[in-house]
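Work through the exercises below with the sequence and the model at hand. Try each task before reading its solution.

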Amino acid sequence: MERIASFSVDHDKIIPGIYVSRIDGDITTYDLRTRVPNGGDYIDPVTMHSVEHMLATYLRNSEIGKSIIYFGPMGCGTGFYLLTRNEKNERVLEVLIDCLEKTVNHEGEIFGGTKKECGNYKALSLESAKEECRRYLEILRAKDKHTFEY
């Protein structure tokens, strides 16, 4: 059986940041790492679900919205995947930062937060999504330059 690319990355060396996980033709998979792998600090399911609702909505409504293929959580609870088509790394980072800021400053209800819209609507918290996005913004802003490489 062929080994998948994400299992070939040395998780002992990954620190929080943004990375290009793989490129498949015109689709780039970004590793949005918010936690140190195997560090004991993981995103709880409610926060993960909440960030997914907020960022997926903001990203799909952004200037690169038509290029977004997928946004969702990593099963290990240490970050998210973002798949885009035909976008430059720097542009994706710029839009991601904007969407994180919009989530932090969001007023009102969480997107897709009703029983009719979500299969687990009680497991959502706008405050936890804001805190997670605030935390990741600090990580992204702490770096002068992003190489997008592990």
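The model is predicted, so local features need pLDDT of at least 70 and side-chain atom pairs count only at pLDDT 80 or more, while totals for chains, interfaces and linings use all residues. Residues are numbered from 1 along each chain as its sequence is written, and side-chain values use heavy atoms, with hydrogens and water left out.

**Exercise 1.** Determine how S2 pairs with S1 and with S4.

Solution. Strands are DSSP runs (E, at least two residues), helices are runs of H or I of at least four residues, and both are numbered from the N terminus. Two strands pair if DSSP finds at least two bridges between them.
- Step 1: S1 and S2 run antiparallel and are joined by 7 bridges. Aspartate 24 has isoleucine 27 in S2 as its bridge partner.
- Step 2: the hairpin of S1 and S2 has 2 residues between the strands, and glycine 25 takes a positive phi near 65 degrees there.
- Step 3: S2 also pairs with S4, in the antiparallel sense over 7 bridges. Here threonine 29 stands opposite leucine 83.

**Exercise 2.** Explain why S2 can be called largely enclosed.

Solution. Buried means under 20% relative accessible area, exposed means over 50%, and partly exposed lies in between (1.4 Å probe, protein chains only).
- Step 1: Ile27, Thr29, Asp31 and Arg33 point one way from S2, Thr28, Tyr30 and Leu32 point the other way, and all are buried.
- Step 2: because 7 of the 7 residues of S2 are buried, the strand is largely enclosed by the rest of the structure.

**Exercise 3.** Describe the hairpin of S3 and S4.

Solution. 
- Step 1: S3 and S4 pair in the antiparallel sense over 5 bridges, with glycine 72 opposite tyrosine 81.
- Step 2: 5 residues lie between the two strands, and glycine 77 in the turn has a positive phi of about 80 degrees.

**Exercise 4.** Which residues of the largest nonpolar core touch the most other members?

Solution. A nonpolar core is a set of buried Ala, Val, Leu, Ile, Met, Phe, Trp, Tyr and Cys residues joined through side-chain atoms within 4.5 Å.
- Step 1: the core has 35 residues, and Ile18, Leu32 and Phe71 touch the most other members.
- Step 2: S1, S2, H1, S3, S4, H2 and H3 each supply at least two of its residues; the largest share, 8 residues, comes from H2.
- Step 3: contact means heavy atoms within 4.5 Å. Leaving aside neighbours within four places in sequence, the contacts of leucine 32 include Ile18, Phe71, Leu96 and Tyr136.

**Exercise 5.** What lines the largest cavity?

Solution. On a 1 Å grid over the protein atoms alone, a cavity is a set of points where a 1.4 Å probe fits but cannot get out, and lining residues have an atom within 4 Å of a point.
- Step 1: the whole structure has 1 cavity of 30 Å³ or more, and the largest cavity holds about 60 Å³ of space.
- Step 2: its lining consists of Leu32, Thr34, Val51, Leu55, Phe71, Phe80, Leu100, Glu132, Cys133 and Tyr136.
- Step 3: H3 gives the most to this lining, with 3 residues.

**Exercise 6.** Is histidine 49 buried or exposed?

Solution. 
- Step 1: histidine 49 lies in helix H1.
- Step 2: histidine 49 is buried, because its relative accessible area is 14%.
- Step 3: leaving aside neighbours within four places in sequence, histidine 49 is in contact with Cys118, Asn120, Ala123 and Leu124.

Definitions and conventions: On a 1 Å grid over the protein atoms alone, a cavity is a set of points where a 1.4 Å probe fits but cannot get out, and a pocket is an open set with protein on both sides within 12 Å along at least five of seven lines; lining residues have an atom within 4 Å of a point. Grid points are joined across faces, edges and corners, and a volume is the space filled by probe spheres set on the points.
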